[in-house]
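Hi there,

Here is the structure I promised to pass on. Have a look at it first, and then read my notes below.

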Amino acid sequence: MDTNYRKKRIREIVSVSIKHGLKKGINNPEQLKCTLEELGPTFVKIGQILSTRPDILPSEYIHELQKLQDDVKAEKYDVMVEVIENELGKSIDEIFLQFDKTPIASASLAQVHLAKLKTGENVVVKVQRPNVKEKMTADIAILRKLAPVINLTPTGSAMDAREVVEELADATEKELDFVNERRNIETFAENNKDVKFILCPKVYEEYCTDKIIVMDYIEGIKIDDIDKLKDEGYDLQDLASKLTYNYFKQIFEDGFFHADPHPGNILIHDKKIGYIDFGLMGQLDNSLKKKFNEFLEGVVDRDINKMSKSILKIGIKKGPMDIKKLSNDIEIMYEQYIEESLFDFDLPQIMEEVLKVCKDNNIHMPKDITLLIKGLMTIQGVIAKLDKEINIMDIAIPYMKNRYIDEKLNTLDLSKIVEEIYTIVKANMKLSVKFLDLINQAINGKLKLQMDLKDGREIINELNKMINRLVFGMIVAGLVVSSSLVITANIGPKIYGISLIGITGYLGAAVAGFWLLISIIRSGKM
């Protein structure tokens, strides 16, 4: 953008900020919202990006910024056609059989039109507004200069104004790159291709550029339109369970999740859950997934020490920090949940509390973790509308247990298991062989015993008892080993997600072992 635009824009930003009292820092959520609205569409988008960052802003600011409406006056049809034709190098009539002049959605970055390809597919065409990239880039550059003058963060934030601007710059660059969004759609579709109840739009790559995306049109019912879903005969509890289960799959299996799963981005079509708008996605690499899993294990196990250590592994120190204070803060936070049933935990609420603790201890969470927390908070709100009785933990805990068993099963080394069983059996067999040799010698008349013949029958009886106990002990050991393998494999009918065969084996071994112990104690020969 030219120098005159920048000078004019700087004056406007400073003037509006001072008008709403932002020069000395952000002190009121409504102040911030009004400032962004007055500064226009690009700042509305900035506000929406900030609304996904509970690590930067307190919850009251997040809730206020979520009210920002990205409903911008539509660009003229001719202007958008010019963008499409310049990008694709063909006239619009050569590309589309039909193209609706009135957009079905109009936002600060882009607007969306319905169309039909020459091949007959009904599609949506997302077209970036002309010059929006240049304007937003210029506004971000201006904010970089103004960051030391106008404080963009509330008092007590773990991030300063410069860091916030850099975060905004990174998020804006991704939102403005439609190639990135196209890849997001393709990755999401690949990850969920085997999930029968998930629907993802097909992307038509030949019509896509960094300013245009053409994809299948999904005509469905918004997931929060409860009355319409009921009229269509949908089982709301089933939808809630499937939605939750799949979201946990996105997080823990794929490490690639929809970071903005609000009702407008989730449609129900032909008994399937369809996601749309993939501009904001979160990603957890294997290392981050492992650390986050450790934290969740601490939550489930009610282990404050494990939670504290995992937070230190995940977070980034942004100032002086007292580990003892961090542990104490987590313990105080956790005490309000400690008496609750495991299935009554509100995971998003716990995560939000953890963010507050991190702020107070100068720890900054990675962006993808904050996106995850935002996603969990949003998805729980959607789930609650479908089924008021279900809690996100109702699905999370069984899912995590199954995942834990699967992971352990996948990492089992069969050769080591066989080796351990062989060692146990071999040790017992050596002992039993000696007893058998002893019996054979007695049968063959080779056993030399120095005893009175009148006590011979009693000694043989005692010997039989010893051998019986040894064999009985080997059977108990075999039951324990085989039941452990069955429990690990999690096969057969289940009770509370645990193999019934394995439980039965353990109970049998316990009863038999207890009986053997009692008989030994009664004999008086320990």
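How are α1 and α7 oriented to each other? Bear in mind that this is a predicted model. The axes of helix α1 (residues 3-19) and helix α7 (residues 132-146) come within 10 Å and cross at roughly 60 degrees. The two helices are therefore oblique to each other, and their crossing is right-handed.

On the α1 side, the contact is made by Y5, R6, R9, I10, I13 and V14; α7 contributes K135, A138, D139, I142 and L146. Sorted by class, this contact of α1 with α7 has seven nonpolar residues and four charged ones, with no polar residues.

I also went through the aromatic side chains. The structure holds eight aromatic pairs. One of them joins F96 and F99 in a tilted arrangement, with 5.4 Å from centre to centre and 50 degrees between the planes. Both F96 and F99 are buried.

Another pair is F188 with F278: the ring centres are 5.2 Å apart and the planes stand at 55 degrees, so this pair is tilted. F188 lies in helix α9 (residues 178-191), while F278 sits in the loop between β10 (272-275) and β11 (281-283), so the pair ties together parts that are 90 residues apart in sequence. With 0% relative accessibility, F188 counts as buried, and F278, at 0% relative accessibility, counts as buried too.

Finally, take a look at F248, F252, F292 and F295, which form one aromatic cluster.

Notes:
Residues numbered from 1 in each chain as written. Predicted model: local features only at pLDDT ≥ 70, side-chain atom pairs only at ≥ 80, totals over all residues. Heavy atoms only, no water. Axes fitted to C-alpha atoms, helices over the stretch in contact; angles between N-to-C directions. Helix = DSSP H or I, 4+ residues; strand = E, 2+ residues; numbered from the N terminus. Parallel < 35°, antiparallel > 145°, perpendicular 65-115°, else oblique. Left-handed = near helix turned anticlockwise from the far one by under 90°. Contact = heavy atoms within 4.5 Å. Nonpolar A, V, L, I, M, F, W, Y, C, P; charged D, E, K, R; others polar. Phe/Tyr/Trp six-rings, centres within 6.5 Å; stacked < 30°, edge-to-face > 60°. Buried < 20%, exposed > 50% of the residue type's maximum accessible area, 1.4 Å probe, protein only.
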